[in-house]
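Please look over the sequence and the model shown here. The paragraphs after it go through the packing and the side-chain contacts.

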Amino acid sequence: MVRGKTQMKRIENATSRQVTFSKRRNGLLKKAYELAVLCDAEVALIIFSPRGKLYEYSSNSMQILLEKYQKCSHENNTNKTSEQDAQYLKQEIANMRERIKSLETTQRNMLGEDLTQCSLKDLADLEVRVERGLTHIRAHKEQFLMETIKQCERKERLLIEENTMLRKKDQILSEENALLRKKCGGNQFLDGSTSTSSTVGHKSNLHTEVQTQLMMRPPDVQDHLGGHDSD
């Protein structure tokens, strides 16, 4: 009698399900043992029954095999993540290249180049963008000029105030100079020069003193001078 194909679904009868579990569990443990012995493979098998009972088999220490499994699983996950990251970066690079190409085309079009491939709608959109850009440029230019004018006006006010202060200082110095002339009687100025009348008077007094000294010289000096002349 040929056995029928077993349907892969949960066995509803509890007794049949328990019998099937025991048979297949033992067969699975036997296969794991045979695989480890015949093929020199490292095999670890863990089975939990429906009631939570543990059945296990390991060709080596279960702890060592679990650590090895965790290490390999982590490496595989890392490699998988690296591959995913690489694919993502490749896609991003491709998108950036397309974006750069589009921006370069737009820049050339705004400069009036390569317009043969543009449709009427593209040209209209380009014209609107150019006009909008010119408006922004003019507004920024006007703002810059207004700020420059305000700075020049502030500098002008500062220079006017500084000039006014210098004029006041000059007036004060002129008044002080006049007072000093008045105190000195007009004989000497602030720069150390003397008046002409004082100089002439001083020379006249010096000439008078010289004549007086000549008239009052002793007789021997006069005789000596006379004898020298007679010789």
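What follows starts with the core, then turns to the rings, the surface and the charged pairs.

This is a predicted model, in which local features need pLDDT of at least 70 and side-chain atom pairs count only at pLDDT 80 or more, while totals for chains, interfaces and linings use all residues. Residues are numbered from 1 along each chain as its sequence is written, and side-chain values use heavy atoms, with hydrogens and water left out.

The largest nonpolar core has eight residues: Phe-21, Ala-32, Ala-36, Val-43, Leu-45, Ile-47, Tyr-55 and Tyr-57. Such a core is a set of buried Ala, Val, Leu, Ile, Met, Phe, Trp, Tyr and Cys residues joined through side-chain atoms within 4.5 Å. Buried means under 20% relative accessible area, exposed over 50%, and partly exposed in between, with a 1.4 Å probe and protein chains only. Two or more residues of this core come from each of α1, β1 and β2, and α1 gives the largest share, three residues. Helices (H or I, at least four residues) and strands (E, at least two) are DSSP runs numbered from the N terminus.

Two aromatic pairs occur in the structure. Rings of Phe, Tyr and Trp (its six-membered ring) pair if their centres lie within 6.5 Å; planes under 30 degrees apart count as stacked, over 60 as edge-to-face and the rest as tilted. Tyr-33 belongs to helix α1 (residues 14–39) and Tyr-57 to strand β2 (residues 54–58), so this pair links distant parts of the chain, 24 residues apart. Tyr-33 is partly exposed, at 48% relative accessible area.

Three salt bridges are counted, each a side-chain nitrogen of Lys or Arg within 4 Å of a carboxyl oxygen of Asp or Glu. Lys-68 and Glu-42 form one, with the closest N and O atoms 2.6 Å apart. Because Lys-68 lies in helix α2 (residues 62–110) and Glu-42 in the loop between α1 and β1, the pair ties together parts that are 26 residues apart in sequence. Lys-68 is partly exposed at 43%, as is Glu-42 at 46%. Asp-125 and Lys-121 meet in another, at 3.2 Å from N to O; they are four residues apart in helix α3 (residues 120–183), about one helical turn. Arg-10 also bridges to Glu-12, with the closest N and O atoms 3.4 Å apart, and both residues are exposed.
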